[in-house]
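Visitor: I would like a close look at one part of this model, the aromatic rings. Please take me through them.

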Amino acid sequence: MDEENQKKQPNAVEEFAKQNAKSAGKKIAKEAGKQALKLAQKAAAKLAAAVIGFIVAHIVPILIILAVIIALCVLLPAIDNFLDEDSAETIDEVTYQTVQEYCTIDDTGIHLDKESFLKNITVKLAENGIDLNALGFGDDENSLSNSNTILGNNINPNSQAAKYLYKFMSASLAGEFPYIPGSDEETQGIIKIKRRKDENEEPKDLTFIGYKTFQEMLKTDNDAEKEDIMNYFSLDESWNLCIAKYYKQTVNGVLKEYSISEVKIPYRDMVTQYTVPFMFLIDLQVITNNANYVEAVSELMTKQSEIEFTIFDSIIIDKTEYNFKADKHTRELESDEGLEEGEAPGYYTSVTGVDETTETITEIDNIKANVTKAKTWLIEQETNYVMNSTTEYPYGPNGTTKDLGSDEPITQGEGTWYENKKEYWYEEIIKNEWIKSGDTKTIITPAEFMGLWSNEKGTYEKGAKYAPVGAGKPGKIVKYKRLNGTTDTDPVIINIVTAREELYELLEKPATQNHAELMREMIRIYMNSEELTEDSFTKLAFISMYEPHEFVAGSYTGDFDVHDETLFVTDLDELKKAFQGGYSSNSKLVANAQAFLDMQEKYKVNAIFAAAVSITETSAGTKGNAINGCHNWFNMTGKDGPYKSSTDKYGNVHNWRIYENDAKGIEAFGIFISGAGATKRYYPQGNYTVGTIGPIYCPDSIDYPTQAEDWVATTLAQMSRFYEAIGIDISPIIEGGGISSEDLKDLFPNGVPTTAAEMQQYLTTITIDINDAKGNPTTTKITVHKAVAEDVKAIFKEIQQSGFKIKSVGGYSWRNAAASSSRSHHSYGIAIDINPTENYMIKDGKIISGSFWKPGENEYSITPNGPVVKAFSKRGWTWGGTWKSSKDYMHFSLTGH
């Protein structure tokens, strides 16, 4: 730019601002003109007169022009302080680790180690190029402890700057924690935990108790105390919401069993859409350089937000009647005196009618849970549930009658026999299940948030109203105090408008992407000087921050623990066989099988999972964003070089990591998932399953709103193909419950045994009641895990009472599963086989074990929904007859294996 144009530039900008400022109001005009005149001189070298001319000629709304000018003149240095995507995720991870590492739970609530959090977050900010002085925190002389720079651990934990960080963090965590009165101010969440059993009663507020107290209450034998525990909730060490559910059984009106058990709900996954990213607040601070304003936003998010999380008791009532009818004959010997040799003794017969009915009513609580109401800083929603009752008759409305014939009369001796013998079953199952009524109510409510743009008091004010730009209006002059006591009259919203794309990106995360849509609409309304009305957001009526993610106890399944070593394939030839049989179109997997095994051994990340991800991402290294010449099968991004760059259609630059060879890339994946490197977003945060890894690894986007769900489904399907190629069926895990490392952790607190000798300490041999092959009541012995011993006794007692005959039963056996290199869960004493000959295991039409299965024809075959299956399932065990890919009709297990 020549010297003459440089001199003309400030005058052109000033004149432009003056001519167009009328529609913006006098205050904003004065401020805009002052900003333009003052700062255009510094930016003249960056602006060409032709660019300004184009803007003037083509963009009418004054606020757009002001935004562009201020962006170029003022905010370019500030926007340089924005964190890139990886850095932002790193800071977000620190806030997540706050929950994992710096928050503790006791009987009084949730507490925060403030100093540890503060030290960690400031170090991370500094590592990512953010000096807290640049955020406007350096104006408070009490902020510093050892130097004139707020870096690392030098920030004073009692300073105003630290208090602001606590506020920002509190706003971010508020939507993750239940409201517990005894918690610290920073961790006193906004979630109200409620419970509802009856449609005609209002939901009941649950009271928090410590987890140890909760576990002690679960051990009670007092029926009144069992009822009382339903009024409480707790949080375990993994931050799961813990409540109790019940099981009741009465026989002929007499209570025979009343048991309660723990239910763990991963509620944080279900409320993330209502949280506010910590980095959103940090970058608001970067944009506005005004902590007082961002504090007001934080208070709006906490003081005006609330979430209602409701536990629904969906009750299943199983009413079974068993009726036995017959003519009963009895015979007694008379004296045989005077009888000829070979002559039968005389006898007399008495006949009595038998009509016995046993009524058993079983009531099972099948928990359902979800967010029912939510008010956030931008939106209010309420979803109604109604009770839906259905009735089923497994044997038909009139039950089933069997004519069993009559016994042959005994011609000699004493005895009893029956004639016209009939058995009659009647079963009625009533399912009282809570379902969504379909009338979700959504109200867009951004008025208070927009009202903070013109808040002259400098503090959060409930009911602050949006004031549109226009003649006689105050405009958007914000009067907030800086840390040094001076009043800030910078137009905060102009800065927000200018940096809006950065804000959108921060809000366009899978859980919060609808926040970005609403922010876009608010800025559009502002830039067009519109009045704020409900009609303004009519076109956004489809937006719903309420994403159904219901938890149902007993059916919250469909996942696979990639950290579970019992599911690792450790033999090289076996892994090659899995790769070749499960994905034969590419030989690169087979060629790198050893690298996958090495990664699995070192980082404890399932090799088959890793290979499946490589297929989901890049077709095992043949396609994808990052493949060409860089050995990155997993599309891993990162700012650490060397890397390849690509730009998406939105102008976002992505850096794809480059590796020397395939093995290095595979190892990097293990580091990435296990958290052995700088990234701590998976194992260290408790994300061990495909379902919890997927939404972070491959999040949803506006263009692809179901991307995370599809990624998880595709990866699980490919894993199934790999396992099936070596004869292992994982469908019970990903389709019907399965096992997780947490299950085995509870059973084996010192680690899962790897030898039969190590297993011995956990085993016990018990005596169980059965009916033998002839139907005679007897006992036999079985070896099982000590933890399930009492349940196993109760299961077989119930089976004996049902009349089912058992020829053979087996429990503990240290061995691999049939047709598999994977360890059988018989090895852990938590699986039982019954009558294996008559209840075979079959896969792809091939009999793996046993001879046949003929329920209804063969009295030793196990009938679906029959007494054997019911006895196991009501205590949480899974029947192999319900598996999808293969069937194992003899098999019952605690884990689904």
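What is the relative accessible area of Tyr688, and how does that class it?

Guide: The model is predicted, so local features need pLDDT of at least 70 and side-chain atom pairs count only at pLDDT 80 or more, while totals for chains, interfaces and linings use all residues. Residues are numbered from 1 along each chain as its sequence is written, and side-chain values use heavy atoms, without hydrogens and water.

Tyr688 has a relative accessible area of 26%, so Tyr688 is partly exposed. That class lies between buried (under 20%) and exposed (over 50%), using a 1.4 Å probe and protein chains only.

Now the rings. The whole structure holds 32 aromatic pairs. Rings of Phe, Tyr and Trp (its six-membered ring) pair if their centres lie within 6.5 Å; planes under 30 degrees apart are stacked, over 60 edge-to-face, the rest tilted. Phe280 and Trp377 make a tilted pair, with 5.4 Å between centres and 40° between planes. These partners are 97 residues apart in the chain. Phe280 is in helix 11 (residues 278-288), and Trp377 is in the loop between strand 10 (347-375) and strand 11 (379-382). Helices (H or I, at least four residues) and strands (E, at least two) are DSSP runs, numbered from the N terminus. Phe280 is buried because its relative accessibility is 0%. Trp377 is buried too, at 2%.

Back to Tyr688. Its ring pairs with that of Tyr683: the centres are 4.9 Å apart and the planes at 40°, so this pair is tilted. Tyr683 has 7% relative accessibility, so Tyr683 counts as buried.

Ring pairs also build a cluster. Its members include Phe796, Trp853 and Tyr889.
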